[in-house]
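The sequence and the model are shown below.

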Amino acid sequence: MTAETSQTLDRGLRVLKLLADTDHGLTVTELSLRLGVNRTVVYRLLATLEQHALIRRDLGGRARVGLGVLRLGRQVHPLVREAAMPALRSLAEDIGATAHLTLVDGADALAVAVVEPTWTDYHVAYRAGFRHSLDRGAAGKAILSARQHPMTDPGYMLTHGELEAGAWGAAAPLLGVTGVEGSVGVVMLAEAVPERVGPRVVDAAREVAEALR
């Protein structure tokens, strides 16, 4: 710590990061051990964070991330969308298909940015704000694949007719972006998906990831 930083704020942020990395929450004792501070300090930190709905405590006393964090997270969407638009435009025009950026929102996959090609006679209508479960569609499955294999590059996912009858989806996860979990993909109507679509989607996902770092 330096003279210009706040030790209390630093500890509070560390609490949030620790809770964000667990699905089962942490007790005061567990947080005390991980932070290297006494239980009284942890109680005060949790009480303050709870007042702002950034954490919640269950009946067993375990602290978990609160809904207030979700409200803050939603404000990130416009910034992420702006950073992703150049890569999405290039992808849509190159492939001739609707390109999209999808982020995790709770248990759902949420399309936060969509770009349609300008030169095709027809394309799949896909709108920002469209959401679906993570286990359906290429966008969600690409995200789940990255979760299941965090130390490797899972490449891309290809699906057919899971979200819209007759439509193909191809998507690749965003990798190496702290605090952002999502994917970049395309959706198209075709008898078969050209071989170059998958690698091109992977390249677009890398471009977006670079823009967000």
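## Terms and basis

Helices (H or I, at least four residues) and strands (E, at least two) are DSSP runs, numbered from the N terminus. The model is predicted: local features need pLDDT of at least 70, side-chain atom pairs count only at pLDDT 80 or more, and totals for chains, interfaces and linings use all residues. Residues are numbered from 1 along each chain as its sequence is written, and side-chain values use heavy atoms, without hydrogens and water.

## Largest pocket

A pocket is an open set of points on a 1 Å grid over the protein atoms alone, where a 1.4 Å probe fits, with protein on both sides within 12 Å along at least five of seven lines; lining residues have an atom within 4 Å of a point. The largest pocket has a volume of about 1,700 Å³, taken as the space filled by probe spheres set on the points. Its lining comprises 46 residues, of which A20, V69, G179, V180 and E181 are the closest to the centre.

Helix 4 supplies the largest share of this lining, six residues. Other elements that give two or more residues include helix 1 (7-20) and helix 6 (137-148).

## Nonpolar cores

A nonpolar core is a set of buried Ala, Val, Leu, Ile, Met, Phe, Trp, Tyr and Cys residues joined through side-chain atoms within 4.5 Å; buried means under 20% relative accessible area (1.4 Å probe, protein chains only). The largest core has 32 residues, and L88, L91, L101, L174, V184 and V186 touch the most other members. Helix 5 gives the most to this core, eight residues.

A second, separate core of 16 residues includes L26, L31, L46 and I55.

How values were computed
Buried < 20%, exposed > 50% of the residue type's maximum accessible area, 1.4 Å probe, protein only.
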